[in-house]
Amino acid sequence: MKKEYIKKDTATSGEAWQVRIAIIGGSGVYDPGILTNLQEESVETPYGKVTVKVGTYRGEEICFMNRHGQKHSLPPHKVNYRANVWALKMLGVERVIATAAVGSTNPEFKPGEFVLVDDFLDFTKTRVYTFFEGGEMGVVHTDFTEPYCPELRRILAETAAEEGIKAHSGGVYACTEGPRFETPAEIRMIRQLGGDLVGMTNVPEVVLAHELGLCYSLIAMVTNMAAGIAETTLTHEEVLEVMAQNGKKLRSLIMEAIPRIPQERNCRCWQTPGKLNI
Ligand code: HPA
């Protein structure tokens, strides 16, 4: 599967992409000026077509994916997570740096700060959570002892420290169904159960990436204190505003971390028991 995805306009030469690293995020993370040889690629997957931007950065082919679609038109519960993650695998991706806006239930994690997530709780209700649908795909129970790649988390934490960017290493992401924000009672429950952050997109994205043995890391950007902790009501505009204010910091954290990612994977993500072998 890897290295087989032929570049657009090179059908005769058969030149293949070798996109090792992918960045998943919204438009705030993507800066077309960063990549050279920029191309838009439409990848056909068994779950639908996905369009990504691929290009070269410091000699390395990388890819940008907007999880909500090119025009940011899909709400969290309608995102085609399986197509997105499968498309990355088809491009040859091994490492994923994902970003997401979150509310905080933890007084130590404040708006404008980043959290390098190390575990999750799932409160979603209506999504497709797996590639293992029985039949040809089999009945498989994948190990989730280490859902997020510890090597990528360490690299991101070291980069943040050197760049003077506030990033907490470790935090539990609680995924809610949305698209509404949570009630204060839901936030109290999540806090009591060990959730530090709330967001609407990381499940099943992290689950599917782990099922394929990808190294997956999440940089959560705290945009607000969660409902009932915040002194005001929550608005999507407020979330977008804080994301815009911190977009530059987020981009430099990611782009400075990428050259530090070694070719060899020194973690266990690629040999996760019960991963899908494609
Ligand atoms: N809840 C859920 N998702 C979010 C929040 C929140 O408070 N802030 C940003 N995304």
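Author: Happy to. A polar contact here is a pair of N or O atoms within 3.5 Å; within protein, one must be able to donate a hydrogen and the other to accept it, and residues adjacent in sequence count only if both atoms are side-chain atoms. This is a predicted model, in which local features need pLDDT of at least 70 and side-chain atom pairs count only at pLDDT 80 or more, while totals for chains, interfaces and linings use all residues. Residues are numbered from 1 along each chain as its sequence is written, and side-chain values use heavy atoms, with hydrogens and water left out.

A backbone N or O atom of Ala101 sits 3.4 Å from a nitrogen atom of the ligand. Glu182 brings a polar side-chain atom to 2.8 Å from a ligand nitrogen, and Asn224 places one of its polar side-chain atoms 2.7 Å from a nitrogen of the ligand. On its own the ligand would expose 260 Å², and the protein buries 95% of that (areas by the Shrake-Rupley method with a 1.4 Å probe; for residues, only the protein chains shown count as cover).

Now for the shell as a whole. The residues around the ligand are Ala101, Val102, Gly103, Phe181, Glu182, Val198, Gly199, Met200, Thr223, Asn224, Leu234 and Val239, where being near means having a heavy atom within 4 Å. By class, seven are nonpolar, four polar and one charged; Ala, Val, Leu, Ile, Met, Phe, Trp, Tyr, Cys and Pro count as nonpolar, Asp, Glu, Lys and Arg as charged, and the others, Gly among them, as polar.

Which elements give two or more residues to this shell? They are S5, strand S10 (197-199) and S11, with S5 giving the most, three residues. Helices (H or I, at least four residues) and strands (E, at least two) are DSSP runs, numbered from the N terminus.

Gly178 and Pro179 are joined by a cis peptide bond, with omega about -5°, and Pro179 is found in the loop between S9 and helix H3 (184-192). A cis peptide bond also links Val203 to Pro204, with omega about 15°, and Pro204 is in helix H4. For background, most peptide bonds are trans.
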